[in-house]
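Have the sequence and the model open as you read.

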Amino acid sequence: MATTQKKYDVKDLALADEGRRRIAWADRQMPVLTAIRERFEKEQPLAGYRIAACLHVTTETANLMRTLKDGGADVVICASNPLSTQDDVAAALVEEWGIGCYAIKGEDNDTYYQHIEAAVDHKPHLTMDDGADVIGVLHSARREQLGDVIAGTEETTTGVIRLKALEADGALGFPIIAVNEAKTKHLFDNRYGTGQSTIDGIIRATNVLLAGKRFVVSGYGWVGRGVAMRAKGMGAHVIVTEVDPMVALEAVMDGFEVMTMEKAAEIGDIFCTATGDKGVIARAHMERMKDGAILANTGHFNVEIEIPALRQLAVETRHAREFVEEFTLANGNRLYLLGDGRLINLTAAEGHPAIVMDMSFANQALAAEYAVKNAATLERKVYPVPDDIDREIARLKLATMGVTIDQLTEEQAKYLASWDEGT
Ligand SMILES: NC(=O)c1ccc[n+]([C@@H]2O[C@H](COP(=O)([O-])OP(=O)(O)OC[C@H]3O[C@@H](n4cnc5c(N)ncnc54)[C@H](O)[C@@H]3O)[C@@H](O)[C@H]2O)c1
């Protein structure tokens, strides 16, 4: 295990060269972050600040880490999921950029939490979470360090929900910028990024043909609608399960069949949970499933499918192929769990394409800069990313895509702001 003297714990430093090549490949698809990095290099907005990041250790994340470092920060990173680390990227962060990294793909739970502790040992002024795990440690075992932290950022829906709960309890120790709430994050990353990469993960794990399959998506939030849209595009018959009547109505009007999980369980060929909730596919559902049903999750934690119940139900389990475990039930039916129920797009595929992460991580970099600049006035609350930052990222992204849009004329601006101009 890593110590504070040895600022890394990665699988194999010899993988660094491959990591560097793949990080450069992703970088070419991240022009907004590149522009921010070039400015950060000149302006050094993060000089003197220590950052502890807990993110999926992927090529895109590496480019964010480089940006923070070039902005003057002293950065370390640990994994935000035991299975999402790309070992070559972890090696390259250490070897090529001298960034402390604690992440090994497939690490057990104990090592996962030891790695988070190692990142907290860095004594951060800023935290950068994807699922609020660093913040969780700082608010429990390391409360004495809370006073050193000026702010944190949070990448995902599940993390933001937890942090808002902490704020509501009056227990939040420092201000948080909820990166997930930026439109240039969740409208694109959660929907198009997760939509595509989740399908990619399911296909890479199974090589299944989606056309003609009954594909059940649980949760029709930003992630769920992305997955549903892409599964439909590949010819699957998509069924949605929901608990929110308004969202369920949207799914119906978008052309999907909506039903309870109890019903869907009987007819689905492939199931994918995307709710941020737990026990969405429970024992009673598994008992109703068809022989050969495939179960995947793309929500943040591996609690959406009741895996302990599946293990109890099974009379036999078998490793069917990489990322696929076969469970034979007493009735003879075989169910296939993908990637141990962890987010399948990062477990069996590479996570979101870089072009999408460009916007998510532009938000992270600019949120860190904003937090440092405004530390004196921010309270212990969860803040959205300021609208001007969000819009600036959209503007930059369009520019890098070569898309120009119309501008309001003075007359139009006046018309839109008035109440007395009619026909
Ligand atoms: N895999 C990834 O790379 C990735 C990327 C972004 C977000 N996420 C995670 O995906 C999850 C969903 O994120 P989101 O942005 O779509 O959230 P969201 O809040 O927009 O949507 C979640 C939806 O799930 C529904 N839901 C809750 N409990 C349910 C249940 N028991 N059955 C059916 N539906 C239920 C809610 O009503 C809501 O509509 C979160 O855990 C988030 O952190 C993962």
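In this predicted model, 26 residues surround the ligand, and the closest are Thr-156, Thr-157, Thr-158, Val-223 and Glu-242; a residue makes the list if one of its heavy atoms lies within 4 Å. By class, that's eight nonpolar, 15 polar and three charged residues, with Gly counted as polar.

Here are some polar contacts, meaning pairs of N or O atoms within 3.5 Å:

| Residue | Protein atom | Distance to a ligand oxygen |
|---|---|---|
| Thr-157 | side-chain N or O | 2.8 Å |
| Thr-158 | side-chain N or O | 2.5 Å |
| His-300 | backbone N or O | 3.0 Å |

The protein covers 84% of the 870 Å² of accessible area the ligand has on its own (Shrake-Rupley, 1.4 Å probe).

Which elements give two or more residues to the shell? They're α7 (157-168), α8 (183-206), α9 (222-233) and α14 (344-347), where helices are DSSP runs (H or I) of at least four residues. Domain 1 (13-181 + 353-400) and domain 2 (191-347) each supply at least three shell residues; the bounds come from an automatic or database assignment.

Residues are numbered from 1 along each chain as its sequence is written. Local features need pLDDT of at least 70, side-chain atom pairs count only at pLDDT 80 or more, totals for chains, interfaces and linings use all residues, and side-chain values use heavy atoms, leaving out hydrogens and water.

Definitions and conventions: Polar contact = N/O pair within 3.5 Å; in protein donor to acceptor, adjacent residues only side chain to side chain.
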